[in-house]
Amino acid sequence: MPSAFAVSSFPVSVPAVITQTDWTEPWLLGLAVFHVLCLLLTCFSSQRHHLQVGHFLCLVILVYCAEYINEVAAMNWRLFSKYQYFDSGGMFISIVFSAPLLFNAMIIVIMWVRKTLNVMTDLKNLQEKIKERKRRRKEE
């Protein structure tokens, strides 16, 4: 399948990147498996706070390093790819690498906010129970 990346210009939109990428390349399949594993770890680590914090930090660090990964991949793309996907603007790596990692990080933050809200609700309910007990004892 000919790719638009084989020419000197790079796609400038998300749909163009998605449609013009050869998704049968082994390294892209490996990247997809990596993202699925990250999503599974995100979902199954909800009860293990320390694991989730470590996972979150790894996700954020990988996104931070995406620019450097893009530069190294742009210099060495012939070693692992048929086409030069890694443009100087970082559109490709942002879509296929950083966006799924940021999605996972966003899910983790949403789970943390939800957990915090649940704890706050439980605390308020406990405070109300204690207040009600004190009121009953005072009435007796």
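In which helix is Leu57 found? Leu57 is found in helix H3, where helices (H or I, at least four residues) are DSSP runs numbered from the N terminus. This is a predicted model, in which local features need pLDDT of at least 70 and side-chain atom pairs count only at pLDDT 80 or more, while totals for chains, interfaces and linings use all residues. Residues are numbered from 1 along each chain as its sequence is written, and side-chain values use heavy atoms, with hydrogens and water left out.

- Leu57 counts as partly exposed, at 48% relative accessibility; here buried means under 20% relative accessible area, exposed means over 50%, and partly exposed lies in between, with a 1.4 Å probe and protein chains only.
- Although Leu57 and Ala105 are 48 residues apart in sequence, they are 8.7 Å apart in space, C-alpha to C-alpha.
- Tyr64 also lies in helix H3 and is exposed, with a relative accessible area of 61%.
- The C-alpha atoms of Tyr64 and Ser98 are separated by 8.7 Å, and these residues are 34 residues apart along the chain.

**How the helices pack**

- The axes of helix H2 (residues 26-44) and helix H3 (residues 49-64) come within 10 Å and cross at roughly 145°; axes are lines fitted to C-alpha atoms, for helices over the stretch in contact, and angles run from 0 to 180 degrees between N-to-C directions.
- H2 passes H3 in a left-handed crossing, a term used if the near helix is turned anticlockwise from the far one by less than a right angle, whereas clockwise would be right-handed.
- Phe34, Cys38, Leu41 and Thr42 in H2 meet Leu51, Gln52, His55, Leu59 and Leu62 in H3, where contact means heavy atoms within 4.5 Å.
- The residues of this contact of H2 with H3 divide into six nonpolar, three polar and no charged; Ala, Val, Leu, Ile, Met, Phe, Trp, Tyr, Cys and Pro count as nonpolar, Asp, Glu, Lys and Arg as charged, and the others, Gly among them, as polar.
- H3 and H5 pack at an angle of about 150°, with their axes 9 Å apart, and H3 passes H5 in a left-handed crossing.
- The residues of the contact of H3 with H5 divide into 13 nonpolar, five polar and no charged.

**Aromatic rings**

- A search of the whole structure finds ten aromatic pairs; rings of Phe, Tyr and Trp (its six-membered ring) pair if their centres lie within 6.5 Å, and planes under 30 degrees apart count as stacked, over 60 as edge-to-face and the rest as tilted.
- Trp27 and Phe86 form a tilted pair, with 5.6 Å centre to centre and 40° between the planes.
- Trp27 lies in helix H2 and Phe86 in the loop between helix H4 (66-76) and helix H5 (91-139), so this pair ties together parts that are 59 residues apart in sequence.
- The rings of Tyr85 and Phe92 are stacked, because their centres are 4.7 Å apart and their planes are at 15°.
- Trp27, Phe80, Tyr83, Tyr85, Phe86 and Phe92 form one aromatic cluster.

**Cysteines**

- The structure holds zero disulfides, a disulfide being a pair of cysteine sulfur atoms within 2.5 Å.
- Cys43 is in no disulfide, and the nearest cysteine sulfur, that of Cys38, is 11 Å away.
- The sulfur of Cys65 is 11 Å from the closest cysteine sulfur, in Cys58, which is too far for a bond.

Technical notes. Helices (H or I, at least four residues) and strands (E, at least two) are DSSP runs, numbered from the N terminus.
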